Amino acid sequence: MLTTPSWNILCDFDGTIAVEDVIDSLLDRYGRPGWEVLERDWRAGLIGSAACMAGQVALLDMSREELAGHLDGLHIDQGFAAFVAATIEHGIPMEVVSDGLDHAIHAILARHGIDGLPTVANRLAQSDTRAWTLTSPFAADGCRSGTCKCARVDAARRRGGKTLLIGDGASDFCAADRVDFVFAKNRLIEHCRAAGIPYAPIASFDEALSLLPDLLDGRLPPRTVMPLHAASIQEIPA
């Protein structure tokens, strides 16, 4: 008989699983002039990430072989494989949810011996010898991101159980407001603190792995930061 998982995990990729931001590293190496303008417009809120990424990918000038060689040189958090193994052991569904590039995610994880993780991301395709296009099959109406992470939170809720978000930056802000708990890195720490979202700060997946048992047992992990209005809460809400 199928059982409902106690937790679902949604995990960002760039800057969270991957040490580097993949698209930034590709643009630095293979981007034609103009991608910086798109980046500036996105940071200023003039365009969404979907439009920014599609425009930037269209400015990449690289062969498939150059792409493969570049991805071979990128690294992931050294503790991620052990974290994945723990989720499998405990029967916790985990999905990589990224506003980045699906091809890059699959290639980088496979090189580190991690295959089969469900992945939701923008779709990278080669349109000519040195030209590339980006489509966003997981976009949503009213959302300016290429991948609507809030929609993935809703999908996780429909599976039952609680939802843990692991992320690091702006693409995770909206989803962090909707989940049951957050393991936060970098800019997501600042957002959770300012928005009053319960979270545990992490610097690595070794730390995430050490916090996981308490979460699974219904306890707040050590180092949890609670908003003032919820400071008396001692357990994760059912």
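Tutor: What follows begins with the cysteines and then moves on to a helix, a pocket and a few individual residues.

Please keep in mind that this is a predicted model, and that the distances and angles below are computed from it. A search of the whole structure finds 1 disulfide, and the partners are cysteine 150 and cysteine 174, whose sulfur atoms stand 2.5 Å apart. A disulfide, in general, is a covalent bond between the sulfur atoms of two cysteines. In this pair the torsion about the S-S bond is about -140 degrees, so the disulfide is left-handed. Cysteine 150 belongs to helix α7 (residues 149-159) while cysteine 174 belongs to helix α8 (residues 173-176), and the pair therefore ties together parts that are 24 residues apart in sequence. The two partners can also be described by their accessibility: cysteine 150, at 8% relative accessibility, counts as buried, whereas cysteine 174, at 41%, counts as partly exposed.

Two further cysteines deserve a word. Cysteine 148 takes part in no disulfide, and the nearest cysteine sulfur, which belongs to cysteine 143, is 3.8 Å away; the cut-off for counting a disulfide here is a pair of cysteine sulfur atoms within 2.5 Å. With a relative accessibility of 8%, cysteine 148 counts as buried. For cysteine 192, the closest cysteine sulfur is that of cysteine 174, and at 12 Å the separation is too far for a bond. Cysteine 192 also counts as buried, at 1% relative accessibility.

From there we can turn to helix α10, which covers residues 205-216. This helix has 12 residues and reaches 16 Å from its first C-alpha to its last, close to the 16 Å expected at 1.5 Å a residue. At its start, a side-chain oxygen of serine 204 comes to within 3.4 Å of the backbone nitrogen of aspartate 206. The buried residues in α10 are Phe205, Ala208, Leu211, Leu212, Asp214 and Leu215. An α-helix has 3.6 residues a turn, so residues three or four places apart point the same way. The cover over the buried residues of α10 includes the strands β1 (7-11), β5 (162-167), β6 (181-184) and β7 (199-201), together with helix α5 (80-90). Just after α10, glycine 218 takes a positive phi of about 85 degrees, and the segment after α10 also holds arginine 223.

Most residues other than glycine have a negative phi, and most peptide bonds are trans. Arginine 223, however, has a phi near 75 degrees, a positive value in a residue other than glycine, and at 44% relative accessibility it counts as partly exposed. Asparagine 186 likewise has a positive phi, about 50 degrees, although it is not a glycine. Asparagine 186 sits in the loop between β6 and α9 (187-195), where it is partly exposed with a relative accessible area of 48%.

The elements that give two or more residues to the lining are α1 (22-30), α2 (35-43), α3 (49-57) and β2 (94-101), and α3 gives the most, with 4 residues.

Serine 63 lies in the loop between α3 and α4 (64-72) and is buried, with a relative accessible area of 12%. Leaving aside residues up to four places away in sequence, serine 63 touches Thr129, Arg130 and Trp132. Aspartate 14, in turn, is found in the loop between β1 and α1, and at a relative accessible area of 11% it is buried. Again not counting residues up to four places away in sequence, aspartate 14 touches Glu20, Asp21, Val22, Ile23, Ser98, Gly100 and Asp168.

Terms used
Residues are numbered from 1 along each chain as its sequence is written. This is a predicted model: local features need pLDDT of at least 70, side-chain atom pairs count only at pLDDT 80 or more; totals for chains, interfaces and linings use all residues. Side-chain values use heavy atoms; hydrogens and water are left out. The expected span of a helix is 1.5 Å times one less than its number of residues. Buried means under 20% relative accessible area, exposed over 50%, partly exposed in between (1.4 Å probe, protein chains only). Contact means heavy atoms within 4.5 Å. A polar contact is a pair of N or O atoms within 3.5 Å; within protein, one must be able to donate a hydrogen and the other to accept it, and residues adjacent in sequence count only if both atoms are side-chain atoms.
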